[in-house]
Amino acid sequence: MDKFKEIIRQYPFLGFVIAFIILMLVPSVFFTDLYQSHLASLICINIIVAAGLNIVKGFCGQVTVGHVGIYAVGSYTAGCMFLYLGSGLWLTLPAAILIAGLFGVAFAIPSFRLEGPYLALATLGGGEAIRLFIENGDFFMSTYGISNIPQPIIFGVPFDTPDKYYYIAMPIMLIAIYFSFSVLRSSVGRAFMAVREDPISAAASGINVKKHKMLAFVLSAMFAGGAGAVYAHLPPGYIHPNNYTVIEMVTFLAMVVFGGLGHIWGGIIGAIIITIVYDLTRPLYEYQLFIFGLTIVLTILFMPKGIGGFIDKYFIDRRFKTKTGAASK
Amino acid sequence: MKKINIIFSSLLLAVSLLVTSVAQAKDIKIGVSFRMLSDVGYKHGELIQDTVAEWNSSGGINGKKVDLILYNDECKSEKGVANATKLAYQDNVHVIIGSSCSSVTLPMVPVITKAKVPQIIPHSTSSKITLTGSEWIFRVPVSSRFYKIVQAKFTAENAGTKIAHIYVPDQASMDFSKSMIAYVKDEYGVDPVYEAQAGEKETDFRSYLLKAKATNPDALVCSGLVDETVRCLVQSYEVGIPKSVARVANSVASKVEVPTNAGKAAVGVSYAAAFAASDTRPIAKKFVKHIKSTYGVVPGHDFSQMEDLLTMLKPALEKAEKGFSGDLASDRKAVRDSIAGITNFTGLASGPISFCAAGSPECRDGNRTPVMIEYTKGGKNWKTKVAGTVTFNASAGL
């Protein structure tokens, strides 16, 4: 077992290959109906957004409440590319990532001068401005939404049902997580954390604060853009400005906060739990928003480090016990 | 001991799951995806729940209990799609009712078509929905393709063709104004004297209204959701647009909040809807009285359409149930065919509702009789008069 752990530590990519194989088997083993596949695809999309949001908020410490706008940019890039150029996911996905990255630059600029609630307000305004621009633009099909966005066809097999589309969303999610891990475990990731803890000290240590803030926003936006494109192609392939409101943004933030800010696994765990809880409370529609709001408040009050905090504590305790045990022997 | 407990618990769980599945197999399941945000939205939900409870207390559908699964879609397409997928594949319903919003119903259509679940629409009016050609969709309300004609013709012939349009970025509102503009252009060769798209949830329409006033229109169209329509109507008097300018609204004006909140500004407002609370037929009077006493509101056409839907659905389910084989796919097909067989249903709608087998708009836009209504009194005790009804042929407006 220790040898296996050592191999995974040396070649983290192998871990993702194993995860890929396991996740490929999940539907046939655990899923009993197509709705669970739909939910799994949604979880994958939410994980991509949450992993990106964790970079800018959890690791770089920049408050952003406008990410849903960039998510919309990704979706509408895909939607418009289909509508006007007839493009499929394999073209719309990189384009959405690229264009969302450019929007990330625009969102990063206020962070050079603003912090905390002021930055939150600026990004909130940016996100809402994007949504309203889409909603009022005939080019974006305004409030009619864009429909019939096609699902990819691989080797003649259309991935046009929830169970099949899972096999598109899941690998993209794994690639996104791998990329997120690679960045955050690199010197760039450590620089992000230094900026989060104290920008002045970070600057004194030779870290280019502006550059790293910009990088965090751009990377994070690329994740959101990619997720947006995957969402646009999710069967039945329909996007509408109503799906990119502040409520959706709060849901994304809740995923990161619940999972644990600044924990690599935080956003992922948060995205899984929040999406499932949201679904389970669907029949309790009268109380759903109340339950959801209460969960966020209680998490912040009693679990400020989120689930990631518990995981960290578990590993620290285990390591401590192992070391103290070895010392006493 | 621990092992025994685990084995016992597992057995209990298995037995209860088996019992549940057997019980479920006997039930007829109806799924609902609905906008339950406002007070009135919840009341629509209550109407469905109460009606189904009444069915169950009087023996259900041919003795089978009806299981109602109600989800809120908040008028968001993402939630509507999730609800449709859940209802079709997880809850295994026989029929879906929904949604209230066209922008939600439209993306639900490919989901239910793939899953082969019949869906019956209580409120969405956008003509695009039935243009999808799905064999699994049925619409009880009047399609926007009929509304646009009746409203445009009524306005042009009674008020004039100099029409100013103010609409908000909402699918039904935009669809109404744009269709009306296109029809007036086609029929009378006249462009609107003023056309403006206001912002989402606009609170101040005065700048638009002042510009509209400057064009000296014969009619002013305020096409929005409830709050926007009310504000637009009230502010049209505040900016001094004379009473002689006819006020027109989309079918949203049939909602009780519009005359209640607009007060005097509602007087003279004309709109096309599927039902008028001032309808003097005994069935309509009885319904208005019932809704008023049970839910405390004067029913608009959203209530009447839901009532009609449920009234026609019950015998359709009874007929379909006789041919149920226990296989969900064929049972759903039986329900679809049974609904498609409804002809000349006479309920609260101002004309008969008929469906047929093909998945075309001609077959699935069941109600082809919009009624032109005008408010004669605003405020809490609002009153309306029926200006006229027209029954269109099935292909009108396509």
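Trainee: How many residues of domain 1 of chain B are in contact with how many of domain 2 of chain B?

Mentor: 23 residues of domain 1 of chain B are in contact with 17 residues of domain 2 of chain B. This is a predicted model, in which local features need pLDDT of at least 70 and side-chain atom pairs count only at pLDDT 80 or more, while totals for chains, interfaces and linings use all residues. Residues are numbered from 1 along each chain as its sequence is written, and chains are lettered from A and ligands numbered from 1 in the order in which they are written.

Trainee: What makes two residues count as in contact?

Mentor: Their C-beta atoms, placed from the backbone, must lie within 7 Å.

Trainee: Where are the bounds of the two domains in chain B?

Mentor: Domain 1 takes 28-142 + 284-367, and domain 2 takes 145-279 + 371-389. These bounds come from an automatic or database domain assignment. The C-alpha centres of the two domains of chain B are 29 Å apart.

Trainee: Which elements give two or more residues to the side of domain 1 of chain B that touches domain 2 of chain B?

Mentor: They are helix H4 (102-115), strand E5 (137-142), helix H11 (282-295) and helix H12 (301-321) of chain B. H12(B) supplies the largest share, four residues. The names follow DSSP runs, numbered from the N terminus: a helix is H or I with at least four residues, a strand is E with at least two.

Trainee: How many residues on that side of domain 1 of chain B are nonpolar, polar and charged?

Mentor: The side of domain 1 of chain B that touches domain 2 of chain B has 10 nonpolar, 12 polar and one charged. Ala, Val, Leu, Ile, Met, Phe, Trp, Tyr, Cys and Pro count as nonpolar, Asp, Glu, Lys and Arg as charged, and the others, including Gly, as polar.

Trainee: Why is E5(B) called mostly covered?

Mentor: Six of the six residues of E5(B) are buried. A residue is buried if 20 or more other C-beta atoms lie within 10 Å of its own, exposed if 12 or fewer, and partly exposed in between, with C-beta atoms placed from the backbone.

Trainee: Which strand does E5(B) join through three bridges?

Mentor: Strand E4 (residues 119-121) of chain B joins E5(B) that way, and the two run parallel. Ile121(B) stands opposite Arg139(B) of E5(B). Two strands pair if DSSP finds at least two bridges between them, so three bridges are enough for E4(B) and E5(B). E5(B) also pairs with strand E11 (residues 365-367) of chain B, in the parallel sense, over two bridges. There, Val142(B) has Asn367(B) as its bridge partner.

Trainee: Why is Asn62(B) called partly exposed?

Mentor: Asn62(B) has 13 C-beta neighbours inside 10 Å, so the count falls between the buried and exposed limits. Asn62(B) lies in the loop between helix H2 (39-57) and strand E2 (66-72) of chain B. Its phi is near 50°, a positive value in a residue other than glycine.

Trainee: What is the phi of Lys116(B), and where is the residue placed?

Mentor: Phi of Lys116(B) is near 60°, again positive in a residue other than glycine. Lys116(B) is in the loop between H4 and E4 of chain B. With 15 other C-beta atoms within 10 Å, Lys116(B) is partly exposed.

Trainee: Why is His67(A) called buried?

Mentor: His67(A) has 32 C-beta neighbours inside 10 Å, and the limit is 20 or more, so His67(A) counts as buried. His67(A) is found in helix H4 (residues 67-85) of chain A. Leaving aside neighbours within four places in sequence, His67(A) is in contact with Leu53(A), Gly127(A), Ala224(A), Met249(A) and Phe252(A).
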